[in-house]
Amino acid sequence: MNEIIRMFEELNKVVFEVEKTESFPVDIYEKENGFVVLADMPGIKKEDVSISFFDGVLTIEASKKDEEKKFFIKERSNNKLKRTISFGDI
């Protein structure tokens, strides 16, 4: 019985240690020679943003980094941001 309990405890660790990602709004418009992507990522520094384009898919990732603070209320998350956009066959 203890082995079963230990197995479920390990399973819960794996499930709850998975890093959450959040999305963010973007606007995309076409220009004469390409596309422009505008992304709302308040509080994110440009050096904390990673952008890649592979096989017709644009991926934008960033990490929110809060300084160590003693929060009274903390409703905004401190997770990773990620957005993938498929441009198809362009």
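## Terms and model

Rings of Phe, Tyr and Trp (its six-membered ring) pair if their centres lie within 6.5 Å; planes under 30 degrees apart count as stacked, over 60 as edge-to-face and the rest as tilted. By that rule, ring pairs link F35, F53 and F87 into a cluster.

This is a predicted model, in which local features need pLDDT of at least 70 and side-chain atom pairs count only at pLDDT 80 or more, while totals for chains, interfaces and linings use all residues. Residues are numbered from 1 along each chain as its sequence is written, and side-chain values use heavy atoms, with hydrogens and water left out.

## Overall layout

The protein has 1 helix and 6 strands. Both kinds of element are DSSP runs numbered from the N terminus: helices are H or I with at least four residues, strands are E with at least two. Along the sequence the pattern reads α-β-β-β-β-β-β.

The protein has 90 residues, and 14% of them count as buried. Buried means under 20% relative accessible area, exposed means over 50%, and partly exposed lies in between (1.4 Å probe, protein chains only). The protein exposes about 8,200 Å². Carbon and sulfur atoms supply 52% of that area. Accessible areas come from the Shrake-Rupley method with a 1.4 Å probe; for residues, only the protein chains shown count as cover.

Contact means heavy atoms within 4.5 Å. Take the contacts between residues at least 6 apart in sequence: 43% of them join residues at least 24 apart.

Strand β2 covers residues 26-31, and strand β3 covers residues 34-39. The two pair in the antiparallel sense over 6 bridges. Two strands pair if DSSP finds at least two bridges between them. A hairpin of 2 residues joins β2 to β3. I28 has V37 in β3 as its bridge partner. In a regular strand the side chains alternate between the two faces of the sheet.

## The aromatic cluster

The structure holds 2 aromatic pairs. F35 and F87 form an edge-to-face pair, 5.2 Å centre to centre, with 65 degrees between the planes. F35 lies in strand β3 and F87 in the segment after β6 (80-86), so this pair ties together parts that are 52 residues apart in sequence. F35 is partly exposed, at 39% relative accessible area. F87 counts as buried because its relative accessibility is 15%.

F87 also pairs with F53: the ring centres are 5.8 Å apart and the planes stand at 65 degrees, so this pair is edge-to-face. F53 lies in strand β4 and F87 in the segment after β6, so the pair ties together parts that are 34 residues apart in sequence. F53 is partly exposed, with a relative accessible area of 47%.

## Two loop residues

M41 lies in the loop between β3 and β4 (49-54). Is M41 buried or exposed? M41 counts as buried, because its relative accessibility is 15%. Leaving aside neighbours within four places in sequence, M41 is in contact with F24, V49, I60, A62 and L81. S23 is 18 residues from M41 in sequence and 9.5 Å away in space, C-alpha to C-alpha.

D55 sits in the loop between β4 and β5 (57-63). D55 counts as exposed, because its relative accessibility is 71%. Its phi is near 55 degrees, a positive value in a residue other than glycine.
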